[in-house]
Amino acid sequence: TAFASNQSVKLNDSNVSQSEANDTAIYYINKFSSSILPKWSNAKVNVPVIYYSVDRTRVAYEFTVLNSDNKDIGFIIISALKKWMPVLEWGSGKAPSSYIQYINEIAINEGYISPEDVLDKETEILYWGALTYSIQIGKIMEKNGIAYHLPTGSIVQVPVEQPELKMDNNQVRSAWASLSKETEEESSRDAITDSIGGVPAFFQSSAAHASCDEGGDEATEYPDCVGDPDDYWDNWDGCAPISGAMVLGYWDWMGYPDLSGADETLIDHCHFQMGTDDEGGTSVDLIDNGIEAVSQIYGYNFNSDIVEDNLWSCIVNEVSASRPFVLAVIDHPTYGDHGVCGWGYFEDEFILSIGVHDTWDTSDHWIQYLNWSDAYVARVIPGA
């Protein structure tokens, strides 16, 4: 059974060859190994997994990073389009494609395919900006314009058109031009990197299928559901509450000991105080209010606000001040919105990237600045 779309892939629109992408991946692996990922020293990559736009244009290559013993030590996503920056995302955790088998099992359980069906070798992962990886399994999903999100297992609406990302065209051209030079030259600008130590990495393994506080007939109301008791909402607490809880959990050992460091306790408080819905969705303009309200539950008066403009300066300032933040990435109004906890940045002549905990695992994840349709930062400043 073919799970991928029958639409023909528009290879003529993909202007970065697999060979060029491979060389680009190795270039950036070497760059990052000397600054933020020392375990990547002398690493190599395997054959890439291809990412596609919603009209099946090839848009990116996902490489698993391997050490000398051929063990997975991370992943890197390289653009297949020269209208995007060369490197889009990277990290020390699992590659998004590693969750495909897990999603296959979900699709069988939910009736989108039968147990006899098998995944195509060329399964198409759809991508339209930072942290958006989804897969259509079976003809029903394709007909209805829906897909499973990797790695959470949530069912999401696929946009009709590929969203436009906010990357700067001049910066993009310069970045690709620097890679196309026949001889390597020293960068005119040294890399600058900074990070905040001790930021916890809270996560839930799945948005729709995690074994955690389950809603249902025996679920308890807030605040009795805080912590171990079953929540009255669905399994997924929501990315914004989890990210907000990471920020507050950091301050627990930074002079605010009354804040509980227990992840489920803080997450449940954030879910309710942010007005998060039963499916885990949160309005951006409620994130800061929710964080302030949770701090008050513990006897503190934290200040939080939403920043919309000059985000890079904001991110650098917050990291330099050792204040983790919530980054809300907006990639499409019907899907793609995701909240993460920001704790670092990397900057050189052509790269601006943000270090985040993505709420899906405990690894470090880096995303290219402006690899989104829109974004907001919720700053959090501790109070008395």
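Visitor: Which residues does Ile-76 touch, not counting residues up to four places away in sequence?
Guide: This is a predicted model, so every value I give is computed from it. Leaving out residues up to four places away in sequence, Ile-76 touches Ala-25, Tyr-28, Ile-29, Phe-32, Trp-40, Tyr-61, Glu-62, Phe-63, Val-65, Val-87, Glu-89 and Trp-90. A contact here means heavy atoms within 4.5 Å.

Visitor: What makes Ile-76 stand out in the largest nonpolar core?
Guide: That core has 115 residues, and Ile-76 is one of the five that touch the most other members, together with Phe-32, Trp-90, Leu-327 and Ile-354. The element that gives the most to this core is α5, with nine residues. As a general rule, nonpolar side chains tend to be buried together in soluble globular proteins.

Visitor: How many of the residues of the protein count as buried?
Guide: Of its 384 residues, 55% count as buried. The secondary structure around them comes to eight helices and 16 strands, and among contacts between residues at least 6 apart in sequence, 66% join residues at least 24 apart.

Visitor: Why is helix α6 described as largely enclosed by the rest of the structure?
Guide: Eight of the eleven residues of α6, which spans residues 263-273, are buried, and therefore the helix is called largely enclosed. The buried ones are Glu-264, Thr-265, Leu-266, Ile-267, Asp-268, His-269, Cys-270 and His-271, and what covers them includes α5 (239-252) and α7 (284-297). Just after α6, Gly-275 takes a positive phi of about 70°.

Visitor: How do you know that the buried residues of α4 line one face of the helix?
Guide: In α4, residues 169-179, the buried residues are Val-172, Ala-175 and Trp-176. Seen down the axis of α4, they fall within an arc of 90°, and so they line one face of the helix. These buried residues pack against α1 and β4 (72-79).

Visitor: What caps the N-terminal end of α4?
Guide: Asp-168 does, through a side-chain oxygen that lies 3.2 Å from the backbone nitrogen of Asn-170.

Visitor: Why is the pairing of Asp-348 with Lys-31 called a salt bridge?
Guide: The term requires a side-chain nitrogen of Lys or Arg within 4 Å of a carboxyl oxygen of Asp or Glu, and the closest N and O atoms of Asp-348 and Lys-31 are 2.9 Å apart. Because Asp-348 lies in the loop between β13 (338-347) and β14 (352-357) while Lys-31 lies in helix α1 (residues 18-33), the pair ties together parts that are 317 residues apart in sequence. Asp-348 has 6% relative accessibility, and since buried means under 20%, Asp-348 counts as buried.

Visitor: What makes Arg-379 and Asp-305 partly exposed?
Guide: Arg-379 has a relative accessible area of 26%, and Asp-305 is at 28% relative accessibility, so each is called partly exposed. Their side chains meet in a salt bridge at 2.6 Å, N to O. Arg-379 lies in strand β16 (residues 374-381) and Asp-305 in strand β11, so this pair ties together parts that are 74 residues apart in sequence.

Visitor: Where is Arg-56 found, and is it buried or exposed?
Guide: Arg-56 is found in the loop between β2 (49-52) and β3 (58-66), and at 4% relative accessibility it counts as buried. Arg-56 has a positive phi of about 70° although it is not a glycine. For comparison, most residues other than glycine have a negative phi. Asn-310, also not a glycine, has a positive phi of about 50°, but Asn-310 is exposed, with a relative accessible area of 63%.

Visitor: Which peptide bonds are cis?
Guide: One joins Leu-150 and Pro-151, with omega about 5°, and Pro-151 lies in the loop between β8 (146-150) and β9 (155-157). Another runs from Tyr-222 to Pro-223, with omega near 5°, and Pro-223 is in the loop between β10 (192-195) and α5.

Technical notes:
Residues are numbered from 1 along each chain as its sequence is written. This is a predicted model: local features need pLDDT of at least 70, side-chain atom pairs count only at pLDDT 80 or more; totals for chains, interfaces and linings use all residues. Side-chain values use heavy atoms; hydrogens and water are left out. Buried means under 20% relative accessible area, exposed over 50%, partly exposed in between (1.4 Å probe, protein chains only). Helices (H or I, at least four residues) and strands (E, at least two) are DSSP runs, numbered from the N terminus. A nonpolar core is a set of buried Ala, Val, Leu, Ile, Met, Phe, Trp, Tyr and Cys residues joined through side-chain atoms within 4.5 Å. The arc is that of the directions from the helix axis to the C-beta atoms. A polar contact is a pair of N or O atoms within 3.5 Å; within protein, one must be able to donate a hydrogen and the other to accept it, and residues adjacent in sequence count only if both atoms are side-chain atoms.
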